[in-house]
Amino acid sequence: MIRRRAGRQRGRGVAQLVADFGHQLPPLARPPMRPQDADPFPFLVGRGGRTGQAAGWCPVPAPLAVYRMTSEQAGGVWPLIAGDGLPATGALLGIDYLSGGAFSVDPIGWTLGGIAGVTNPNMILFGAPGRGKSGTVKMFALRQMAYGYRTLILGDVKDEYEPLCRALGVPPHAVGHGLPARINPLDFGPLGNDWTGLPRAEAQRRAAMVFSRWLLLIRGLVGSQHVPFGPTAETAVGQVIRDLTGYTAGADRMREITIPQLWQALRAPTAELVDSCRYATSQAFLDETRPVRDALGALVTGHLAGLFDAPTTVAVDWRAPIQSLSLSRLDPLGDEAVGVALTCLNSWGRAMTQLAEPGDLRIVIRDECWKQMRLGADAVKSLDADLRLSRNDGCIQIVVAHKPSDMLTVGDAGSQAVAIAKDLLHLCATKVLLGQDDQISDELSDLLGLNPMAERIVTDWAASAKGRALWLVGNHVAKVQTVRTSIDVALTDTNDAIAANGAEVA
Ligand SMILES: Nc1ncnc2c1ncn2[C@@H]1O[C@H](COP(=O)(O)OP(=O)(O)OP(=O)(O)O)[C@@H](O)[C@H]1O
Ligand SMILES: [Mg+2]
């Protein structure tokens, strides 16, 4: 048996092996020692830097926090570190505190470039009152104008866009009792241009677009009076519209109609109308359409009489950088009246923006939009339709609301209106969350899916100064302070009224 020696057996080295056979290896000459190797760092600089004037010496070492973690854990410790910022295109709005860089907003560019998974150019802003929602929107619109965008303010409920319009040299149109501006929600808009010269198929296509917009509006107006607008009413109204415009008779040129004319035609139906709607008698027609007539009558004879019931007198200049319709004179009539006015303007605005030429870029602003949405399911559907169209007509639609649960106040829990309103959130790829109170944090997580850290940014960081917001751009997150220039300060200040009252009290 072979006894193993303890320890590791070492073989002979090469020199030993050669010596055992009577040879000697030549000795290795030691390499000459280079002077610089002796002390590669002859002048060490201390942690405070070099001493001496203007040499960058600091008396206290920089306070560096040191964390140790795996790269897998880093995403959990800083979940909101978003990596690179968004591309620097579009309106330069402020500072992104997550990437540390400038923050630019370019919804159309994001959509076209598929940046951060953005699939539409719509934006929705939420924020407690006075946090700077309108200010952010004004600055965005103003800066986008440099790139050729034109802005339409569809209902300026507080007349707060007037300073911006005046600064751009475009007086806003004021709508209210005793003022000359009239808006016909049943306006043809540009779709009515050159009707006589159109090929038959194109004329029919345009007529279908116009009629469906009108029916959507009338459904919204009737629905706002809590009157259902069923298929029977729709058949009757559709027939009246086709008769009054001359479409039924195959007229070359369609006549513009107004809501009083529609109302009148439903009040005194012709024999042909009764027949085409398949009623046995005029009385049956009148009985069946009474709720719809009464609801429309509110516009013709009620508190909004004289505003939306005559041909449009406002000439929209699409070459101008901005167009605004001031509605503050309607404020004493209550939220519902303002909501109805917004619905009419909505339809009119859609007429004005239909058939936009390619490359004609627009921003449509709906500030205080919740007033319109509260009118019911049809008002919400109308907004929904506009947001869906924005991809096709090159429009950036901006909706301003207070809190995400505004979407739930449009109807009963589980109703169709609430379902559509919740869906509106998904139709706006860019969500801007300005400061909110702590009580809103549940809504932020439930309706917008924010994680606790993002929630805290909205309720703490954003709530501690005006113009701060968490921007959700597709799947990208930015923590932005909007920065006002001296020009912006004058155009975005909405505290004048409070300041003036305060001065009076003092
Ligand atoms: N980026 C900003 N930086 C500093 N102050 C701002 C900024 N944006 C707006 N403000 C100031 O905050 C005040 C309120 O702004 P704004 O009217 O835009 O708020 P809001 O959220 O639209 O309010 P409301 O809900 O009442 O419409 C304004 O007077 C304005 O001067
Ligand atoms: Mg506002």
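Around ligand 1 there are 20 residues, and Lys133, Ser134, Gly135, Lys158 and Thr494 come nearest; a residue counts as near if one of its heavy atoms lies within 4 Å of the molecule. This is a predicted model, in which local features need pLDDT of at least 70 and side-chain atom pairs count only at pLDDT 80 or more, while totals for chains, interfaces and linings use all residues. Residues are numbered from 1 along each chain as its sequence is written, and side-chain values use heavy atoms, with hydrogens and water left out.

The make-up of this shell can be described by class: three residues are nonpolar, 10 are polar and seven are charged. In this scheme Asp, Glu, Lys and Arg are charged, Ala, Val, Leu, Ile, Met, Phe, Trp, Tyr, Cys and Pro are nonpolar, and the others, Gly among them, are polar. Helix H5 (residues 133-144) gives the most to the shell, with four residues; a helix here is a DSSP run of H or I with at least four residues, numbered from the N terminus.

Individual atoms may now be considered. The side chain of Ser134 has an N or O atom 2.8 Å from an oxygen atom of ligand 1, and a backbone N or O atom of Gly132 lies 3.0 Å from an oxygen atom of the ligand. Each is a polar contact, a pair of N or O atoms within 3.5 Å.

Elsewhere, the structure holds 16 salt bridges, each a side-chain nitrogen of Lys or Arg within 4 Å of a carboxyl oxygen of Asp or Glu. In one of them, the closest N and O atoms of Arg219 and Glu234 are 2.4 Å apart. Arg219 lies in helix H7 (residues 200-224) and Glu234 in helix H8 (residues 231-245), so this pair ties together parts that are 15 residues apart in sequence.

Definitions and conventions
Chains are lettered from A and ligands numbered from 1 in the order in which they are written. A polar contact is a pair of N or O atoms within 3.5 Å; within protein, one must be able to donate a hydrogen and the other to accept it, and residues adjacent in sequence count only if both atoms are side-chain atoms. Helices (H or I, at least four residues) and strands (E, at least two) are DSSP runs, numbered from the N terminus.
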